[in-house]
Amino acid sequence: MSSLLRLTPEDCEAVRGLLPYTALALIATIGAQAACTLLNERPGVTFVVPRHPDANPDGARRWAELAELIGEPAMVALAARFGGEALSVPVCKAARDELRARAMRAMYDRLTRVERFSGRQAIYEIGLAFAPITSRAIEGICTRSDDSGPDQPDLF
């Protein structure tokens, strides 16, 4: 598995309380699908959002690139809200870590309950699937419950 879990709209809803403000603002502004595409394709990247498609040459190139990535309607909405501002696309580390942990716990449950693996063998298999990670870390993750973070009110 990749070390950076890809976010889906369903994932974002499931761990909403662990998402940073900027991710929530992107979801509210351009929609969950377009926001997830941006969060997955440009995590950690900061760029100035062009105000319109025929901006200066750099802005026009960025507009075209982003419109191809998230769609023209989402790009128009992004420009209306953030045009001219430097936007830092969040990595959403806490949310991605929690989703990874949930996947490990689900795999552990499946392996031990359905496939009747021993706990030790299940941890070994999870280690192979989610490497690099230690067996001790897997044990810690598999004994915790899900974390949805604090409840956050609707921003928009």
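Leaving aside its neighbours within four places in sequence, which residues is Leu5 in contact with? Hold that thought for a moment while I say what we're looking at. This is a predicted model, where local features need pLDDT of at least 70, side-chain atom pairs count only at pLDDT 80 or more, and totals for chains, interfaces and linings use all residues. Residues are numbered from 1 along each chain as its sequence is written, and side-chain values use heavy atoms, with hydrogens and water left out.

Okay, back to Leu5. Apart from those sequence neighbours, Leu5 touches Asn40, Arg96, Leu99 and Arg100, where contact means heavy atoms within 4.5 Å. You'll find Leu5 in the segment before helix H1, which covers 9-14. A word on the labels: helices (H or I, at least four residues) and strands (E, at least two) are DSSP runs, numbered from the N terminus. Leu5 counts as partly exposed because its relative accessibility is 21%. For that wording, buried means under 20% relative accessible area, exposed means over 50%, and partly exposed is in between, using a 1.4 Å probe and protein chains only.

Now, a pair of distances. From the C-alpha of Leu5 to the C-alpha of Thr112 it's 24 Å, and those two residues are 107 apart along the chain. Then take Ala14, in helix H1. Ala14 and Ser148 are 134 residues apart along the chain, yet their C-alpha atoms are separated by 6.9 Å. Ser148 is also a contact of Ala14, along with Arg102, again leaving aside neighbours within four places in sequence. With 33% relative accessibility, Ala14 is partly exposed.

Next up, backbone angles. Cys92 isn't a glycine, but its phi is positive, near 60°. Cys92 sits in the loop between strand S2 (86-88) and helix H6 (93-114). So is Cys92 buried or exposed? It's buried, because its relative accessible area is 5%.

Arg116 is another one to click on: it has a positive phi of about 60°, and it's not a glycine either. Look for Arg116 in the loop between H6 and H7. Arg116 counts as exposed, because its relative accessibility is 67%.

Last stop, the peptide bond between Ala131 and Pro132. That bond is cis, with omega at about 5°. Pro132 belongs to the loop between helix H7 (119-130) and helix H8 (135-142).

That's my tour, so over to you.
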